[in-house]
Amino acid sequence: MGSHTDPWSTRLAKAAEQRRADGGWRQRPTLSDVAPFTDFAGNDYLGLADDPRLAEAQAEAARRLGAGAKASHLVSGHLEIHERLERHLADLTGRPRALLFSTGYMANLGVLQALCDRHTRVFQDRLNHASLIDGARLAGATSRRFHHRDLEDLERLLARAPDDTPTLVVSDGVFSMDGDVAEVGELAATARRHGAWLMIDDAHGLGVLGEVGDGCVGRAHDRREVPVLVGTLGKALGSAGAFVAGDEALIDHLIQFARPYVYTTAQPPGVVAATLAALDVLAREPERRARLHERIARFRRETVTLGLPLTGSRTPIQPLVLGDNARVMRWAERLARAGLRVGAIRAPTVPKGEARLRITLSAAHGDDALDALLDGLAACQREEVA
Ligand SMILES: *Cc1c(COP(=O)(O)O)cnc(C)c1O
């Protein structure tokens, strides 16, 4: 080996040093199987991930159909159980068809790559999920960002676009780090005035919002308003995967052209069965959603009383924006010592200076869990002042 430094080592060391200097070094907390902690960081809003009915359905399907799907959908991986789930998801969201993807990240890459190229225009909310930004990049399309939930800013951008260019307006349904909800009706009206399509990624709304847990788009906004709807299955539905819902032409186009759909192994049948079981529970037990919303209301009532910096979010995502990275880490560690896990979210996931505790609530949280969280937050605040 020569004595000169390897350029890759230099490059990696430099990136690591920069990230450490920013106070943004990320670590993966490894959770014990028998962890005595309460989770206020996950996205299992209805407590379905631990429901024995999902696990049982998964095991049964794996025994019957195999642990894996063995091939991609276009080769020999597309089973009746995938077809059945797609029909359920189309029904739930009031769309003619749905197409199953292995993850939400891939669904977003797939849609944007299949729909867009450098001859199309993409307008995205500034706080959209990373996968939406990355999808436009994969497509070779330039995303213009509009100010968060700012319809006037969107209108201004749309007015500049020539009307005969295919144009896509893209927004999260529920914003994953803020918990606020897109104004879908107004976005749809704005997009339509300019002949643009609207795509909503309802990852955090599905199962939580809507009359029947159909999300912030679902049956309330039909496919003429929101031609492209994405939902994920690893959050409130407690399983894994994602889907795109829309009309025949859209789904056919994705099957033909979405590379992240075509060139990947189909979801394992057990995972599909678990999602079907989750949809069954969602339909039969509306009390879970009611209980979740009651949890949210209690958390908000009591944090206001504590004088904590609550946002306007009405969803299970309840951020406490503390500002700087060190403060967020201090609070998160203090809560962890009390057996409470919350998200500690820093730049670049959120803008600099807006580091926050991302607290998420679930129908599975009991009163004692909520008591412990509120006590822990009060202690953080006391120790800060002292
Ligand atoms: C979580 C999330 C995704 C990604 O979904 P996965 O199934 O976890 O890959 C996409 N969009 C939004 C808004 C999300 O919050």
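Helices (H or I, at least four residues) and strands (E, at least two) are DSSP runs, numbered from the N terminus. The exercises below use these numbers, and the model they describe is a predicted one.

**Exercise 1.** Find where P348 lies, and describe the peptide bond that joins A347 and P348.

*Solution.* Begin with the position: P348 belongs to the loop between strand 10 (340-345) and strand 11 (355-360). Next, look at the bond between A347 and P348, which is a cis peptide bond with an omega of about 10°.

**Exercise 2.** Describe how helix 2 (residues 52-65) and helix 11 (residues 269-284) cross, and which residues make the contact.

*Solution.* Start with the axes, which come within 7 Å of each other and cross at roughly 145°. The crossing in which helix 2 passes helix 11 is right-handed. Now list the partners: helix 2 contributes R53, L54, A57, Q58, A61, A62 and L65, while helix 11 contributes P269, G270, V271, A273, A274, A277, A278 and V281. Sorted by class, the residues of this contact are twelve nonpolar, two polar and one charged.

**Exercise 3.** Carry out the corresponding description for helix 5 and helix 6 (residues 130-139).

*Solution.* The axes of helix 5 and helix 6 come within 8 Å and cross at roughly 35°, and this crossing is right-handed. On the side of helix 5 the contact is made by Y105, N108, L109, L112 and Q113, and on the side of helix 6 by S131, L132, D134, G135, A136, L138 and A139. By class, the contact of helix 5 with helix 6 has seven nonpolar, four polar and one charged residues.

**Exercise 4.** Work out which residues come nearest to the ligand, and how much of the ligand the protein buries.

*Solution.* Of the 14 residues around the ligand, those that come nearest are G104, Y105, D201, H204 and K235. Turning to atoms, a polar backbone atom of G104 is 2.7 Å from an oxygen atom of the ligand. A nitrogen atom of the ligand is 2.5 Å from an N or O atom in the side chain of D201, and an oxygen atom of the ligand is 2.7 Å from an N or O atom in the side chain of K235. Taken alone, the ligand exposes 380 Å², of which the protein buries 81%. The shell contains two nonpolar, nine polar and three charged residues, and its largest share, three residues, comes from helix 5 (residues 104-115).

Definitions and conventions: Residues numbered from 1 in each chain as written. Predicted model: local features only at pLDDT ≥ 70, side-chain atom pairs only at ≥ 80, totals over all residues. Heavy atoms only, no water. Axes fitted to C-alpha atoms, helices over the stretch in contact; angles between N-to-C directions. Left-handed = near helix turned anticlockwise from the far one by under 90°. Contact = heavy atoms within 4.5 Å. Nonpolar A, V, L, I, M, F, W, Y, C, P; charged D, E, K, R; others polar. Near = heavy atom within 4 Å. Polar contact = N/O pair within 3.5 Å; in protein donor to acceptor, adjacent residues only side chain to side chain. Areas by Shrake-Rupley, 256 points an atom, 1.4 Å probe, with all protein chains shown as cover.
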